[in-house]
Amino acid sequence: LSVEGVVVTEPGPYGARAGLKPGDVIVAINDDAVARPRDVRRALSDPGRWLKMDILRRGQRVSLRFRL
């Protein structure tokens with residue numbers, strides 16, 4: 001399985017509260033593909049809105065929805 005995305009090494013307090021875990025691979029945020037950490041930073045730079053984050057966790061695709 002070949003996937004492009006960003007691997008979560010340390011979710012931090014906000015990421016953990018949103019449901020991220022170490023080893024998750026972020027593949028899209030608000031349906032925009034994520035390829036590099038800067039893609040994640042850009043998507044998270046607009047606080048106060050709802051986000052949909054698509055991740056791969058142990059080979060399964062999972063969608064997380066949360067508000068910044």
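Q: Where do Asp31 and Lys52 lie?
A: Asp31 lies in the loop between E2 and strand E3 (32-33) and Lys52 in strand E4, so the pair ties together parts that are 21 residues apart in sequence. Helices (H or I, at least four residues) and strands (E, at least two) are DSSP runs, numbered from the N terminus.

Q: Before we go on, what kind of model is it?
A: This is a predicted model, where local features need pLDDT of at least 70 and side-chain atom pairs count only at pLDDT 80 or more, while totals for chains, interfaces and linings use all residues. Residues are numbered from 1 along each chain as its sequence is written, and side-chain values use heavy atoms, with hydrogens and water left out.

Q: OK. Is Asp31 buried or exposed?
A: Asp31 counts as exposed, at 58% relative accessibility. Lys52 counts as buried, at 19%. The cut-offs are under 20% relative accessible area for buried and over 50% for exposed, with partly exposed in between (1.4 Å probe, protein chains only).

Q: Which residues are linked with Asp31 in a network of salt bridges?
A: Lys52, Asp54 and Arg61 are linked with Asp31 in that network.

Q: And how many salt bridges does the structure hold?
A: The structure holds 5. One of them joins Arg57 to Asp24, with the closest N and O atoms 2.8 Å apart. Arg57 lies in strand E4 and Asp24 in the loop between helix H1 (12-18) and E2, so this pair ties together parts that are 33 residues apart in sequence.

Q: Are Arg57 and Asp24 buried or exposed?
A: Arg57 is buried, and Asp24 is buried too.

Q: What does Arg42 form a salt bridge with?
A: Arg42 forms one with Asp39, the closest N and O atoms being 3.5 Å apart. Both lie in helix H2, 3 residues apart, which is about one turn of the helix. Arg42 counts as exposed at 55% relative accessibility, whereas Asp39 counts as buried at 16%.

Q: Switching topic: what pattern does the chain follow along the sequence?
A: The pattern is β-α-β-β-α-β-β, with 2 helices and 5 strands in the chain.

Q: How do E4 and E5 run?
A: E4 and E5 run antiparallel, joined by 8 bridges. Two strands pair if DSSP finds at least two bridges between them. Ile55 stands opposite Val62 in E5. The hairpin of E4 and E5 has 2 residues between the strands, and Arg58 takes a positive phi near 50 degrees there.

Q: Now the nonpolar side. How many residues has the largest nonpolar core?
A: The largest nonpolar core has 14 residues, and those with the most contacts inside it are Leu20, Ile26, Ile29 and Met53. Strand E2 (25-29), helix H2 (37-44), strand E4 (50-57) and strand E5 (60-67) each supply at least two residues of this core. The largest share, 3 residues, comes from E4. By core I mean a set of buried Ala, Val, Leu, Ile, Met, Phe, Trp, Tyr and Cys residues joined through side-chain atoms within 4.5 Å.

Q: What does Ile29 touch?
A: Not counting residues up to four places away in sequence, Ile29 touches Val34, Val40, Ala43, Leu51, Lys52 and Met53. Contact means heavy atoms within 4.5 Å.

Q: And Ala28, is that residue buried or exposed?
A: Ala28 is buried, with a relative accessible area of 7%, and its place is in strand E2. With residues up to four places away in sequence left out, Ala28 touches Ala33, Val34, Lys52, Met53 and Asp54.

Q: Last one: what radius of gyration does the chain have?
A: The chain has 11 Å, which agrees with the value near 11 Å for a compact globule with 68 residues. That radius is taken over C-alpha atoms, and the globule rule is 2.2 Å times the number of residues to the power 0.38. Along its principal axes the C-alpha trace spans about 35 × 20 × 20 Å, and 38% of the 68 residues count as buried.

Methods
Salt bridge = Lys/Arg side-chain N within 4 Å of Asp/Glu carboxyl O.
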